Amino acid sequence: MNMDSLDKPKRRKFWDTFAYATEGIVTALKQERNMRFHAISAVIVIAFGLFFAITKIEWLFILVSIGGMFSLELLNTAIERVVDLATNEYKPLAKQAKDIAAGAVFIFAIIALVMGIVIFLPYVLKLFL
């Protein structure tokens, strides 16, 4: 690859960017166990939301949680792939980069779980009380 090719902006069709993004999401769903877990969890949470007829505000929190979880998991996967591409040998900084990215996903997962409990617990309790 010569320097001239790096200087020229790539011309892509607007719709191609959506295809690339979709391909990335599908790849992550096929190859990443955690992404599949989040997808299944999202389907369950959406089903609960429909069953309990949660409010619009509650839906906003749920959708931001789902979108944030998917986004962070995709970024974590991308970071892991780039680190793996950069080195095949053990390097402390490579491990730290992967661990820190995973930590970001973990923090958001805890917050999303707490939001889910805050939203759904009152509805569940009404069923049994």
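Analyst: A residue is called buried when its relative accessible area is under 20%, exposed when that area is over 50%, and partly exposed in between, using a 1.4 Å probe and protein chains only. This is a predicted model, in which local features need pLDDT of at least 70 and side-chain atom pairs count only at pLDDT 80 or more, while totals for chains, interfaces and linings use all residues. Residues are numbered from 1 along each chain as its sequence is written, and side-chain values use heavy atoms, with hydrogens and water left out.

User: How many salt bridges does the count come to?

Analyst: A salt bridge is a side-chain nitrogen of Lys or Arg within 4 Å of a carboxyl oxygen of Asp or Glu. Under this rule, the number of salt bridges is 3.

User: Is Glu 32 buried or exposed?

Analyst: Glu 32 forms a salt bridge with Arg 81, and their closest N and O atoms are 2.8 Å apart. Arg 81 has a relative accessible area of 36% and is therefore partly exposed. For Glu 32 the relative accessibility is 18%, so this residue counts as buried.

User: Which helix holds both Lys 95 and Asp 99?

Analyst: Lys 95 and Asp 99 form a salt bridge, with 2.4 Å between the closest N and O atoms. Helices are DSSP runs of H or I with at least four residues, numbered from the N terminus. Because the two residues are 4 residues apart, about one helical turn separates them, and the helix that holds both is H5.
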